[in-house]
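This report covers one predicted model, starting from a single residue and moving out to the whole chain.

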Amino acid sequence: MIEPSQHSTSNIRTRGLYYAFIFLAIFIAIWQISCFKYTLKWDAIDITLPWRHFISDALLNNQLPWWNPYQFHGFAQGLSLETWYPLALILGAASRYDLYTLNLEYLLHLLIAAYGFYRLARVVKINHEGALWGCLVFSLSGFFVANAQHTGWIASGAWIPHVLASYFIWKRQPNLNNSLILTMLVFMLASGGYIAYTIITAYILFALGAFEGIKSIARGNHKEIFWRYGRLIFCIATSCALLLVCLWQLKWQIDRGGGLSGDTMLKGSLYFKHLISLIYPFATVKGDYGFWSGDQSMMNVYMGLPALILLALSIRKIKFRFYAISWLLALASLALALAMELPFRGWANALPFLDLFRFPSLFRYYTVLVFTLIAARTLSDLMTDKVTFDKQKMGFGRMVQIFLGIICIVGLVLFLMADVEILQIIKLSIHRVSEAIVLQSLLHALALTGFLLLWKTTKTRLAFFQLLLLFTAIDLIISCQLNGRVSIFSEHSFASIQPCLKSLPQDYPVPSMHDFIGSNSDKNLQFGPVYRNNNTLYKRMGWDGYTPYQYQTFIDFEKTPYYRKSLDLPFLFISKPISQPGDNVQFYDSDPILNKPEDELNIRSFSPNSFSAWLNLGTSSTLVLNQNFVPNWHVTVDDQPGEIVRIDHSLMGVRVPEGPHVVRFNFVPGHLYNALIISFFSLLLCSLFYFWLNRKSLPHKLLLTILIIIGLFRILRPIFYPIEPSQDHNLINYSDRFLDKGDLERLKDVAFDQDSSFSFAMESNCLPGIHVLSEFLSENFPSQDSTYQLDQKILEFSPMPSSAVFRTDLRFEAFNPLWKNQGNGLVREKNNTFQSLLGVKYGASIEIDLNEFDPVNQIKISIEHRNTEPIDAAIVCSIVLTGGKEIWWKSMTIPDSQAVQGKWRALNWRLEMPKLDSEPGYLKIHVWNRGTSNLQIDNFSLSLFGK
């Protein structure tokens, strides 16, 4: 290890004050996150949060997160490396992962990054002053500010310095303690970080190891070095067995397993114009995507003005080995990041695995890291050299003056030539790139001027270092606040979203047999910035969202007509005897039988990894699971192994004979489970040995105490905070949830079947559309009373005296198997989905078998419509006998509503049914858009009335 510097900052107590200052600077720089005022934004909250929430929820329900059934017809969550990230698992096991945990994890990663840089800086012979200053710069650099939404990138950025530092320490002293540290850190990087960074860092370590191996061969002691590296690789491979098996299985299942090429690989490149962020990072958050040719998160490389000044001074020392190699590495990584400008990224694909990821801008992380090391080393040399300190201090001052002059000139020229209004700058009403540069030029000029005024008063190296550290902190905090409003802090307040997460179901609601596969695009399921993975949060089966990967078979499935068919079907359904489409087709076609009563089909138990269904069949049929066909699923029929066959291209089915049966589906992880056991015990042994070897160290005692407290809390939590089963209600319970107006049809079916008074448990879950359900009940049923039970509002209703024998709705927010042509011309507008018939002659239609009802004497039809041009349209009703003869026909004209621009107009008709002497046939109703004009329809309602 490096000998401590004799400078005053090497004192432990003094260094503690500097550590506290750095922590305070990081805390202030992101105070909106640290104080839980706002949430993180973009991917962090609408992708990472649902994943982490699902994983921690599984652990708290005594489940391992093998399978997530709620996104893209289900996917193996356990194959995602981030599922096994120890830091997230510990935070999630202590308490269900929520916004508090998400904000805390980001803050922890910044602190881990700061300490990791300090360790790496000390290893490469940078003194305490340079290392302390550098860890502040690194943790608040543009990489960590711009990429706050990319949790995997942030985790990689935090752990890479630790891995590199521990590798260099292990190389010098390959003892057990250092081997254990390096092994655990590699697992933290590989499990929590973005896989591209793991691959690149592995290449860096391989190159360093190969270089040392070549030197050892030249010296003739290659056996010792090979034995040393062999032991280390074995320890790392054993501990990372789980991750290696995940990668091996994914390579043959996901769409990216064959690699990327062309423009796909170059997406997310850094451009030369993005380097303006070295001085003006605020400019990158202004201007649109077309102007910058990239996303804001891919541009920022800011390290602060002091770092740039020190980099400029370091050029004079390029003849020294450290500076020469470091500048070469920094420029090489920058060249790889500039993929659209330079060809090096394409050439790098010659190396294995480098063609598996996009976003070449991620290479800029290594540029920021190395540049910060160079600047820190320059400061270290300045602080260490007592003889030339005054001379180097004067050089630093002159460089500050040069930067001040350049910045003032740039700001003044833009102010005069770009027609920037001074009032806009004062009000901080910045909309253009030029205005952002002028504002930041003004802030830089003020900061540099203040530094120069105080700089002359610093008589000692310590005073100079303290002033530089303060100036750097202020500079980075200002930059973080300017850019963080776009890349870190959500515009939604923390307090408005956290209660929504607390109201989510904490167990696993049984999927309704009447609910079809849902969509995240349903606005009624969205709250605040969370919109992409709401199916996972609400534990509702879904066909869209965002997952860590997608199966190639599912991508192929989306291109077939079977995919659309699957969206009209529930999680589990019965099919008539299945048939094979052709000789060369490896799957069967289903013929669904829906709306089975509970005494014929019901789900008895449900969890993501296992569920059982009871069914009573009058004839042999097929039970179909509306989830991705994955070999890990096994099935038993009455505890006897069954065969899972592929249905409708990518679904799963099992043949079941007639009579009563219990069918159980189980997800069996196979080798993944064995790998988990190996990795768990390897890491456990590493941790135990590590803590034993460092048992006298105060930091390790504190860390061990925290882990023990978290473990005890997790063990005792079910005792003190048991998960209460959901209360059943006469109408609604957790096994049959009505989440939004897309479920209104199902709600009607259940409500109108009630023979006595019933209750409606209204749990808002922050759903903006929940009022639609209660309003429907209040309009159609006499309200008796309302009470409050925990967080639920219980509404009591009396049965509706009505002769209605059939009711159905088509609101276009959800698929309804009774209606045809409902998917044509769907248009989404704010919180509403409707059908546009522009260029279409026939709209939504329904066909009802009148044989299923008592004699019907009246029909009620309701519809909402609007149009922006003259229309010639009507609602057409007819009755057709079984043989095809039409015995009744009625047309109701849809009036022109152009005068009411943009507003929906409601229409209602009541029709008397003719008396049918012969056997009733089929009632057919459809929208006839004879003029194929822009007619828009919504909320198509039909009721049949009997005697």
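Gln-481 touches Ile-28, Ala-29, Ile-30, Trp-31, Gln-32 and Phe-489, leaving aside residues up to four places away in sequence; a contact here is a pair of heavy atoms within 4.5 Å. The residue sits in helix α22 (residues 461–487). Helices are DSSP runs of H or I with at least four residues, strands are runs of E with at least two, and both are numbered from the N terminus. A polar atom of the Gln-481 side chain lies 2.8 Å from the backbone oxygen of Ala-29. Gln-481 counts as buried because its relative accessibility is 14% (buried is under 20% relative accessible area, exposed over 50%, partly exposed in between, with a 1.4 Å probe and protein chains only).

The model is predicted: local features need pLDDT of at least 70, side-chain atom pairs count only at pLDDT 80 or more, and totals for chains, interfaces and linings use all residues. Residues are numbered from 1 along each chain as its sequence is written, and side-chain values use heavy atoms, with hydrogens and water left out.

The pLDDT is the predictor's confidence in each residue, from 0 to 100. Its average over the chain is 86, and 89% of the residues score at least 70. Two elements mark the ends of the range of mean pLDDT:

| Element | Residues | Mean pLDDT |
|---|---|---|
| Helix α28 | 698–720 | 62 (lowest among the elements) |
| Helix α7 | 142–146 | 97 (highest among the elements) |

Residues 1–7 stay under 50 in pLDDT and have 16 contacts beyond four places in sequence in the model. The pLDDT is also below 50 over residues 719–735, a stretch with 41 contacts beyond near neighbours in sequence.

A nonpolar surface patch of about 1,200 Å² includes Leu-64, Leu-176, Tyr-673 and Trp-692. Patches are made of residues with over 30% relative accessible area and no salt bridge; like charges are joined within 9 Å, and nonpolar side chains (Val, Leu, Ile, Met, Phe, Trp, Tyr) within 5 Å. A salt bridge is a side-chain nitrogen of Lys or Arg within 4 Å of a carboxyl oxygen of Asp or Glu. Helix α27 (residues 671–693) gives the most to this patch, with ten residues. Leu-64 lies in the loop between α3 (43–60) and α4 (86–94), and is partly exposed, with a relative accessible area of 32%.

Across the chain there are 30 helices and 26 strands. Of the 947 residues, 56% are buried.

Definitions and conventions: Accessible areas come from the Shrake-Rupley method with a 1.4 Å probe; for residues, only the protein chains shown count as cover. A polar contact is a pair of N or O atoms within 3.5 Å; within protein, one must be able to donate a hydrogen and the other to accept it, and residues adjacent in sequence count only if both atoms are side-chain atoms.
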